Structures are given as structure tokens and as C-alpha cells.
Amino acid sequence: MELLRTNYSSGAPLEEKAGYSRMVKVSPFIYIGGTTSVLPDGSVYGEDDPYTQTRYVLEKHVDLLVRAGAKKEDVIRIKVYTTDMKYAPEIGKAYSEIFKPLKPLFTIVGTTMLNRPTQLVEIETDAVIGATLVAE
């Protein structure tokens, strides 16, 4: 079986400078790397607001999935890294507004810091195109 790989950029300057992709699609498998709410001008969207940052990044991931021919229903796992576990309820609220009916794997991990002090969450998403949900 031949697996075809496509690299996707979000246009962030650091991607090219450091040599990484925002998203990699390998045939039906899609992996979106750690994403924070940094805007193209370098500012942080939703500064110091974990709900707003989470919602922004998850919506960005859904848009990236569409670019790769997928949809949010294809998401199988989401990992969130946060600088303080006290933000878990707000992170969970933003997550639930988008993904609750789909019930992908969902993990929140506490970490000491992200790239900037105003960044409170970083999110990774995995999807498989055509991962049809069946009842338990």
C-alpha cells in the first residue's frame, strides 16, 4: 500500500524558518501540530483567556482539516497543553461546543510554560478521513 504525504503550512514565518509543517496528511491520516493562538502579526489572540484561545485554535484546526479534504467528524484525538490546570473547565467548555457530540479522545496536560506568557493553551489534533462513527 502506497501512502501519500502532503505537508501543509499555515503561513507562519517560523514554519519555514525552523522547517516544520502545521499539518501533515498521510493518505487518510491527518496530524495537526501544536498550535497556539498567535496571529500573523505576532500578537496573541485572546490574551490571558483560556476559553477564547481554545475556541480560536480548535476553529483553526477545523479550517485546516477542510483544506485537507476532511471535516470535524473525522477527528479522533485532541491533546491540549495548558500552563495551568485551573483552566481545564474553560478549555473543556470551548472543546465541548465544537466536539461534544463526536466524542473524540480528549486529553488536557499541564505544562510549566509555552512560548509566551500570554499563551495559555497549545493544541494538537489527529483525524482519519472517513472515520465513520458507529454506536457503542
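Modeller: A pocket is an open set of points on a 1 Å grid over the protein atoms alone, where a 1.4 Å probe fits and protein lies on both sides within 12 Å along at least five of seven lines; a lining residue has an atom within 4 Å of a point. Its volume is the space filled by probe spheres set on the points, which are joined across faces, edges and corners. The model is predicted, so local features need pLDDT of at least 70 and side-chain atom pairs pLDDT 80 or more, while totals for chains, interfaces and linings use all residues. Residues are numbered from 1 along each chain as its sequence is written, and side-chain values use heavy atoms, without hydrogens or water.

Colleague: OK, what is the volume of the second largest pocket?

Modeller: The second largest pocket holds about 180 Å³ of space. Its lining has 13 residues, and E73, V75, A131, T132 and L133 are the ones nearest its centre.

Colleague: And the largest one, what volume does that have?

Modeller: About 500 Å³. A total of 20 residues line the largest pocket, with A12, Y20, R22, T36 and V38 closest to its centre.

Colleague: Which elements supply at least two residues each to that lining?

Modeller: Helix α1 (13-18), strand β3 and helix α2 do. Helices (H or I, at least four residues) and strands (E, at least two) are DSSP runs, numbered from the N terminus.

Colleague: Switching to the sheet. What order do its strands have?

Modeller: It is an open sheet of six strands, ordered β1-β2-β3-β6-β4-β5, with mixed pairing. Two strands count as paired if DSSP finds at least two bridges between them.

Colleague: Which strands are at the edges?

Modeller: β1 (5-8) and β5 (105-110) are the edge strands, each pairing on one side only.

Colleague: And what holds paired strands together?

Modeller: Strands of a sheet pair through backbone hydrogen bonds, either parallel or antiparallel.

Colleague: How many bridges join β3 to β6?

Modeller: Five, and the two strands run antiparallel; β3 covers residues 29-35 and β6 covers 121-128. Within that pairing, Y31 stands opposite D126, and I32 has T125 as its bridge partner.

Colleague: How many bridges join β4 to β6?

Modeller: Seven, again with the strands antiparallel. K79 stands opposite E124 in β6, and Y81 has E122 there as its bridge partner.

Colleague: Do β4 and β5 run parallel or antiparallel?

Modeller: Parallel, joined by six bridges. K79 turns up here too, with T107 as its bridge partner in β5.

Colleague: Is β6 mostly covered or mostly uncovered?

Modeller: Mostly covered, as six of its eight residues are buried. Buried means under 20% relative accessible area, exposed means over 50%, and partly exposed is in between, using a 1.4 Å probe and protein chains only.

Colleague: Back to Y81. Why does it count as partly exposed?

Modeller: Because its relative accessibility is 24%. Y81 sits in strand β4. Its contacts, leaving out residues up to four places away in sequence, are V109, T111, L114, L120, V121, E122 and E124; contact means heavy atoms within 4.5 Å. Y81 and G34 are 47 residues apart along the chain, with 8.8 Å between their C-alpha atoms.

Colleague: Why does H61 count as buried?

Modeller: H61 counts as buried because its relative accessibility is 2%. With residues up to four places away in sequence set aside, H61 touches I32, G33, T35, I123, E124 and T125. So I32 and T125, which are bridge partners, are both on the list of H61 contacts. From H61 to K71 is ten residues in sequence and 9.7 Å in space, C-alpha to C-alpha.

Colleague: Then T54, buried or exposed?

Modeller: T54 is buried, with a relative accessible area of 0%. Its contacts beyond four places in sequence are I91, A94, Y95, V121 and I123.

Colleague: Thanks, that is enough to go on with.
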